Amino acid sequence: MPHFTVVPVKDRALSGYDSLEGINSVDHGDGGPPDNQDTVSSDGHGNHKEDSPFLNSPDEKNKNDFYDRNLALFEEELDIRPKVSSLLSRLVSYTNITQGAKEHEEEESAGASQRKTPKTPNMGTLMGVYLPCLQNIFGVILFLRLTWIVGVAGIMQSLLIVIMCCTCTMLTAISMSAIATNGVVPAGGAYFMISRSLGPEFGGAVGLCFYLGTTFASAMYILGAIEIFLQYLLPQAAIFHAADHHGTDSAMLNNMRVYGTICLGIMAVVVFVGVKYVNKLASLFLACVIISIVSIYAGAIKSISHPPEFPICMLGNRTLVRDRFDVCAKTVTIGNTTAPSQLWDLFCLPGNLSSAQCDDYFLQNNVTEIQGIPGLASGIFRDNLWADYMHKGEILEKGGLASVDSHSTMENFGMYVSADIATSFMLLVGIFFPSATGIMAGSNRSGDLRDAQKSIPIGTILAITTTTLVYLSSVILFGACVEGVVLRDKFGDAVRNNLVVGTLSWPSPWVIVIGSFFSTVGAGLQTLTGAPRLLQAIAKDNIIPFLRVFGHGKINGEPTWALLLTGLIAELGILIASLDMVAPILSMFFLMCYLFVNLACAVQTLLRTPNWRPRFRYYHWTLSFLGMSMCLALMFISSWYYAIVAMGIAGMIYKYIEYQGAEKEWGDGIRGLSLSAARYALLRLEVGPPHTKNWRPQLLVLSKLDEDLHIKYPRLLTFASQLKAGKGLTIVGSAIQGNFLESYGELQAAEQTIKNMMDIERVKGFCQVVVATKVREGIIHLIQSSGLGGMKHNTVMMGWPYGWRQSEDPRAWKTFINTVRCTTAAHLALMVPKNVSFYPSNHERFTDGSIDVWWIVHDGGMLMLLPFLLKQHKVWRKCRMRIFTVAQMDDNSIQMKKDLATFLYQLRIEAEVEVVEMHDSDISAYTYERTLMMEQRSQMLRQMRLSSAERKREAQLVKDRHLLVRMGSLYSDEEEDTLDSPLPDNIQRTWTKEKCEAERSIRNNAPENFRELMSLKPDQSNVRRMHTAVKLNEVIVNRSHDARLVLLNMPGPPRDTDGDENYMEFLEVLTEGLERVLLVRGGGREVITIYS
């Protein structure tokens, strides 16, 4: 253990230090602080902090701690980063009291006005872990079924069953010890460990499976208690009776259902009234278990010299039901007369010995009596070594006895002891495994332990070792002491309805009968107490919404609603009414829980996460994987159909939690596994561009935010989600103008807003917001740095700058064009949805219409691929695809159409093909005038420095003239909005002499400047571009005016930045009159191929 020496630092030159640091003493005298000074503490910079635990108050200025002065370098951070001494003091005062039965007991015993102060956990390994685990592991199967398992499976296979089940639980306990000692484990047991290790999805699924297993365990214990009550304690209490031997099983099942329901109701009332009664009786129930086990060993030792007298009556080699007759003989001697016995009367019709009509098998075989408990020294061990599996209804026979096979009537079948169910090795595994469960009892009490990280591993492993030795020795003792037909007699019919294990016990069989009855009742109460609290813990984690109501209960926290649901589910198990059918069900749920405990330990070990530092060192991932494999094997060995059902239930719960979106971050191993897998996949991705066959649109969606940091055009995200049939990457990015140091909170708010909108629009992807001094620079940063490794975007999607004509600030459309240039320089594809507010939502469906592709220039096949991806979405699925291409005068349009159809066939894309011929024509007057208006407007805004009001007046004159020339042509919605908006009547200004002279000069020169603008002649290159835009627009509007969506090649921006505004005008003219347009610009590489 390391040694620490604390050496105080001497306060040298105190006054000089104070003067250096600027600490001045102020004496306010008796009058207290002055009026203008606050009474809160200050950090020395005028930043007052109320009740700061780290800085000294003014009252203690003469008692300053030298540590504060020694930490002056960190004094500005002490409010968010506490001193080590403060942290340690908080950790020492932390209490880890379980929120379980202990508080409820204290709450009930305390008065309504006062609550007991929780005591410090003080339970050690013996009382806190070892004995509770023993009580939970030893149960009804040991007393009611272990002898039967030994008789049916034989000693060798019984040992194998015990070793398999106990090895599985031992490996699980090792994994559980590693998890439980990796930090503080609050109360919650397996659910807490799995959910915090594997995440809310696995935790919820396995937690509910563990809950169902615990609930069915309560049903199993109740059925065991009722079986002991009706078979061995008070058989006269049976309500239903069988008319013949055929109805015996059904009558017994009905009795079990009635009494089981009554017992469940009584236990539920006891648990509801108060847990303290259950806790007080726990020691009594544990004592019953220990006394019963000790009596078995005492009886086995005593049988060496004085075996108990339990004779068995055999007819031939068949075992008879002993309680039907008094003497094991065919005749009895009464005086000097030989008379038929009761056994004779049961097999023969009334009459004398000579003329009676008897069962053939009865007449031809002798009646013998053998010892049921030969004793430890009898050598019966060799006879019980091997298995003797039976079919349902098969009579128990003893090998080695003489027997003559003969026909036996069905009326006498009830006289023989027979198998009630068909047996197999797999069935016996499922029935025995509940005897190995209960290893979580120590971890469930972790809140009550003095040192949980030490007690849980030691106590649990010792308890499993003890129970394993008890089971192994019991198998050997039962096989060495008890006759084989008695062992195979499940209900003790051959030994006068005595409990088989009770026949071996000393001093009396009643010790086992009474002890096993109380132990099963106690175990049922314990499980009925723990299951509702487990369900309450799951409900309070709020990962399964429909279970939220079960998180509530009584005022003291008792889970009333959870107890009600637990009782209803346990009633389903009781209605099954068969212990042998209920045991495999709960085996499935427990095995699945243990499987995931091993998986959690293995995942954490293999990932080597920094937080994985268990104090328990004796674990290895190979042991965890072996335990996980054994759990899975035992599930399918015991009952493959139950295993499938249990896994199906867990899978549905997992998918439900995943679908609902469990917003819990518990630092679980699955997240770490995902990180490792993502790292591995990213490193394996090719550094260079992917092959054409693997190309898919990896989108960077540039979204604009309004003043409230809300997405301005959410339909942009909707359209992006509809394109995700390509299963590619989606990054939603945005840029905020400002200083990063000052705008970090704004950045976080923007990211959260975008994430919420992505959830609403069901966009699966990532969000990235950057802060830059200019929005344009922020967008460039996003284009350059978004993505990681091979998972980088190859396509940029951004909105159209609406209202760019009316904007006084040219930065909006200049940012747009600059983004186009950047994507081109980065060899990225570009998509610009225009009029995106008219795009359909994810809830709309197009039942008809078309997606029209105008393929003017080849840019890698983006125009072909995008409609195909859109048609995979339910919104666009019923739209047909049409592809238009433009033919010039010197092109062969017929051959072009054939070639295009062949190309689409090879691409496996179904579409209609049309070739549009564009004839050479003269430039129209409208085109000339439109170009002129464009250049005049650009020249005016570029050269003249007008005030805001004058610029609007001059621009309006140009638009008015443009309106006359257009003569009713289509306007875009942005122009109409601007024309309809009234101009401001007056503009508030602050006049100075210089401003007044400048305004007068502008007004005097305005007519002259306007005349110069009117005399401009348009540039011929602009006229040609405008001519192309007008002609293409006419053709597109003519053919695709009713299309649901039009995809169009986006022209590149001019190399000269002086023509940027003209470029915007060309795009406006090209897309006028179209409702939904998607401008597409390829990234300069092929994205679609005809090859497989």
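Modeller: Happy to. A residue counts as buried when its relative accessible area is under 20%, as exposed when it is over 50%, and as partly exposed in between. This is a predicted model, and my pick is Thr 605, in helix H20, which covers residues 579-607. The relative accessibility of Thr 605 is 16%, so by that cut-off Thr 605 is buried.

What does the side chain of Thr 605 meet? One of its polar atoms lies 2.7 Å from the backbone oxygen of Cys 601. Leaving out residues up to four places away in sequence, Thr 605 also touches Trp 612, Tyr 619 and Trp 621.

H20 is among the elements covering the buried residues of helix H13 (residues 425-432). Those buried residues are Leu 428, Val 429, Gly 430, Ile 431 and Phe 432. Besides H20, the cover includes helix H6 (140-144), helix H7 (146-180), helix H15 (452-481) and helix H21 (621-638).

Side chains of opposite charge can pair when their charged atoms come close. Arg 145 and Glu 227 make a salt bridge, with 3.0 Å between the closest N and O atoms. Arg 145 sits in the loop between H6 and H7, while Glu 227 belongs to helix H8 (residues 189-233), so this pair ties together parts that are 82 residues apart in sequence. Both partners, Arg 145 and Glu 227, are buried.

Glu 369 and Arg 322 meet through their side chains at 3.8 Å, N to O. Because Glu 369 lies in strand E7 (residues 367-371) and Arg 322 in the loop between strand E4 (318-319) and E5, the two tie together parts that are 47 residues apart in sequence. Glu 369 is partly exposed, at 46% relative accessibility, whereas Arg 322 is buried, at 4%.

A further pair is Arg 1076 and Glu 1075, whose side chains form a salt bridge at 4.0 Å, N to O. Arg 1076 is buried, with a relative accessible area of 9%, and Glu 1075 is partly exposed, with 43%. Returning to Arg 145 and Glu 227, salt bridges with shared partners join them with Asp 420, Lys 490 and Asp 580 into one network. The structure as a whole holds 15 salt bridges.

Strand E5 (residues 331-334) runs antiparallel to strand E6 (residues 337-340), and four bridges join them. Across this pairing, Val 332 stands opposite Ala 339 in E6. Two residues separate the strands of this hairpin, and Gly 335 takes a positive phi near 70° there.

Ring pairs gather Trp 344, Phe 347, Tyr 361, Phe 362 and Tyr 416 into a cluster. Aromatic pairs number 27 in the structure.

Technical notes: Residues numbered from 1 in each chain as written. Predicted model: local features only at pLDDT ≥ 70, side-chain atom pairs only at ≥ 80, totals over all residues. Heavy atoms only, no water. Buried < 20%, exposed > 50% of the residue type's maximum accessible area, 1.4 Å probe, protein only. Polar contact = N/O pair within 3.5 Å; in protein donor to acceptor, adjacent residues only side chain to side chain. Contact = heavy atoms within 4.5 Å. Pairing = 2+ DSSP bridges. Phe/Tyr/Trp six-rings, centres within 6.5 Å; stacked < 30°, edge-to-face > 60°.
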